[in-house]
Amino acid sequence: MSDWQPRLVALDIDGTLLKWVAGLGMSHEEVTPAVHDAVQRVLDSGAHVVLSSGRAPHNMTVVADKLDLHGHGERLWIVAANGAVVLRYPPAEVVHEVTFDARPAVAAVLAQHPEALVAVEERGVGYRVSGPFPDGELGGTTIIADVDDMVAQPVSRVIIRDPKATAEDFVALAANLGLHGTDYVVGWTAWLDLAPVGISKASGLEYVAQQLGIDRTDVLAIGDGRNDIEMLRWAGRGVAMGQSVDEVKENADAVTDSVDDDGAAVEIGRWFPVAGSGGMGL
């Protein structure tokens, strides 16, 4: 692959572009110079950068601004809500969305974890929540609402969070529930994302790639979480961050440095080197 260069670079945000706050399920909203410069080199080459995250759209555009992604004359493509929502920016415009009936899955999870918190995105504002989430875990404004009302209509994604449980508890829970018609992904903590069947970051990126006329073999994807696995397997080259759990690393083509060591910038530098430095290739 020494002469290969991606035409599209798909980047997770939390734990990939942004460093985790130690002990909390949130990131420092700060982009390092190394990551910023690496992303700019991708854009300068004429390749596309697509942010791909479990975040809601309004929490992704702020990161696009920090990366100066919109300074190259073309509206960005952004894959939000783990692939259920695709938007263009700026201005933010949803161009593709997949929804599902979340009521059976939510009821099944709450039967096992009755004290768990539930959240559904309130587009452009924040989230409707069944109760207060830990500080910093949800961006935007939160509005307390009844769970039945939150999922009465089809939604693109439901977040379930139990601060008293562990990620391992939720992995076992999801595996045993048999959530028909619903896919799921477990986060770093006891955080469960419910989504339509077949929807993932990979499906969202496939939609974008088709619009751009780019084959997935020409895609570089970098991520660190369980919700990145499908994306890493789908891309021509999928790279796990150094701090990823083994399950993520095992589904990647390669592993780069940790987010604390600017691993995303290191990987991007292989294919989009600093002028005069030469690329490492493979």
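This is a predicted model: local features need pLDDT of at least 70, side-chain atom pairs count only at pLDDT 80 or more; totals for chains, interfaces and linings use all residues.
**Aromatic pairs**

I looked up ring pairs and found three in the structure. I started with Trp4 and Trp271: the ring centres are 5.1 Å apart and the planes stand at 80 degrees, so I logged the pair as edge-to-face. Trp4 sits in the segment before β1 (8-11) and Trp271 in helix α9 (residues 263-271), so this contact ties together parts 267 residues apart in sequence. I checked burial too: Trp4 has a relative accessible area of 14%, which makes it buried because the cut-off is under 20%. Trp271 is also buried, at 4%.

Next came Trp77 and Tyr207, an edge-to-face pair with 6.4 Å from centre to centre and 70 degrees between the planes. Trp77 is buried at 10% relative accessibility. What sits over the ring of Trp77? I found the charged end of Arg88 there, 4.0 Å from the ring centre.

**Backbone**

A reminder to myself: most peptide bonds are trans, and most residues other than glycine have a negative phi. I noted a cis bond between Tyr89 and Pro90, with omega about -10 degrees. Another cis bond joins Pro90 and Pro91, with omega about -15 degrees. Pro90 lies in the loop between β4 (85-89) and β5 (93-97), and Pro91 is in the loop between β4 and β5 as well.

Then I looked up positive phi values. Asp68, in the loop between α2 (57-66) and β3, has phi near 55 degrees and is partly exposed at 36%. Asn82, in the loop between β3 and β4, also has phi near 55 degrees, but Asn82 is buried at 6%.

Technical notes
Residues are numbered from 1 along each chain as its sequence is written. Side-chain values use heavy atoms; hydrogens and water are left out. Rings of Phe, Tyr and Trp (its six-membered ring) pair if their centres lie within 6.5 Å; planes under 30 degrees apart count as stacked, over 60 as edge-to-face and the rest as tilted. Helices (H or I, at least four residues) and strands (E, at least two) are DSSP runs, numbered from the N terminus. Buried means under 20% relative accessible area, exposed over 50%, partly exposed in between (1.4 Å probe, protein chains only). A charge sits over a ring if NZ of Lys or CZ of Arg is within 6 Å of the ring centre and within 35 degrees of the ring normal.
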